[in-house]
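Have the sequence and the 3D view open as you read.

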Amino acid sequence: MIRHLAPSRHAYLRLVRASAWYDLVVTAGFATPWTYALLHDALSSLGGRFGLGVLPALDPMQTLYANLMGSVVVVWALLRIVKPLPVHGLLDGVARTLFATWQAYALTHGATRLLWLFFVVEAAFGIVQLVPWWRPQPTNLTVDPAGPAAEHPLGTEPQ
């Protein structure tokens with residue numbers, strides 16, 4: 001069993017699940033070349049319409065990286081929806097900090113201002129998932145609050 005300081009309240013796990021639903025909805029369109037092409041056109045159109053800037057022309061490498069990001073985030077979101085654990089909130093908070101950092105970098109280097117919409121949500125979910133970890137609360141990182149059957153990190157007891 002891993003012991004660490006972690007939030008264990010059900011409200012925190014609802015937050016972890018809510019951030020996962022947001023990720024699933026927002027990134028599902030990035031997961032395939034076909035959906036990304038549609039999403040790319042829609043975001044460019046939206047950015048142009050509101051004067052926030054358009055996305056660069058679609059190319060195979062951009063599509064590849066969008067699909068890789070979308071695929072990984074969709075799987076990560078599904079894990080947090082199906083079995084949210086406190087450690088998932090911690091790791092998601094760290095990932096969102098990284099995403100927000102790279103989004104800020106892109107914004108300072110001329111990326112479309114449409115990115116601000118994503119940046120604000122990334123930063124907000126990152127902050128609210130990391131703040132509880134700064135308050136000391138002993139708990140188990142791998143225990144599902146629903147019961148003792150999930151005490152092992154993989155959900156099964158070692159043999």
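## Two helices side by side

Helix 1 passes helix 3 in a left-handed crossing, meaning that the near helix is turned anticlockwise from the far one by less than a right angle (clockwise would be right-handed).

Who meets whom? On the helix 1 side, the residues include Val16, Ala20 and Leu24, and on the helix 3 side they include Met69, Val73 and Ile81. Contact here means heavy atoms within 4.5 Å.

## Some ground rules

This is a predicted model, where local features need pLDDT of at least 70 and side-chain atom pairs count only at pLDDT 80 or more, while totals for chains, interfaces and linings use all residues. Residues are numbered from 1 along each chain as its sequence is written, and side-chain values use heavy atoms, with hydrogens and water left out.

## The overall layout

The protein has five helices and two strands, and from the N terminus on the order is β-α-α-α-α-α-β. Both kinds of element are DSSP runs numbered from the N terminus: helices are H or I with at least four residues, strands are E with at least two.

Of the 159 residues, 35% count as buried. Buried means under 20% relative accessible area, exposed means over 50%, and partly exposed is in between (1.4 Å probe, protein chains only). Among contacts with a separation of 6 or more, 73% are between residues 24 or more positions apart.

Leaving out residues up to four places away in sequence, Ser19 touches Arg80, Asp92, Arg96, Phe125 and Gln129. The C-alpha atoms of Ser19 and Asp92 are 8.6 Å apart, although 73 residues separate the two along the chain.

## Helix 4

Helix 4 covers residues 86-108, 23 residues in total, and spans 33 Å from first C-alpha to last, close to the 33 Å expected at 1.5 Å a residue. That expected span is 1.5 Å times one less than the number of residues.

Buried residues in helix 4 include Gly89, Asp92, Arg96 and Ala100. The buried residues of this helix pack against helix 1, helix 3 and helix 5. After helix 4 comes Gly110, with a positive phi near 95 degrees.

## Aromatic pairs

How many aromatic pairs does a search of the whole structure find? It finds three. Rings of Phe, Tyr and Trp (its six-membered ring) pair if their centres lie within 6.5 Å; planes under 30 degrees apart are stacked, over 60 edge-to-face, and the rest tilted. Tyr22 and Phe125 make a tilted pair, 5.8 Å centre to centre with 45 degrees between the planes. This pair links distant parts of the chain, 103 residues apart, with Tyr22 in helix 1 and Phe125 in helix 5. Both residues are buried.

Trp116 and Phe119 are edge-to-face, because their ring centres are 5.4 Å apart and their planes meet at 85 degrees. Both lie in helix 5, three residues apart, about one turn of the helix. Trp116 is partly exposed at 45% relative accessibility, whereas Phe119 is buried at 18%.
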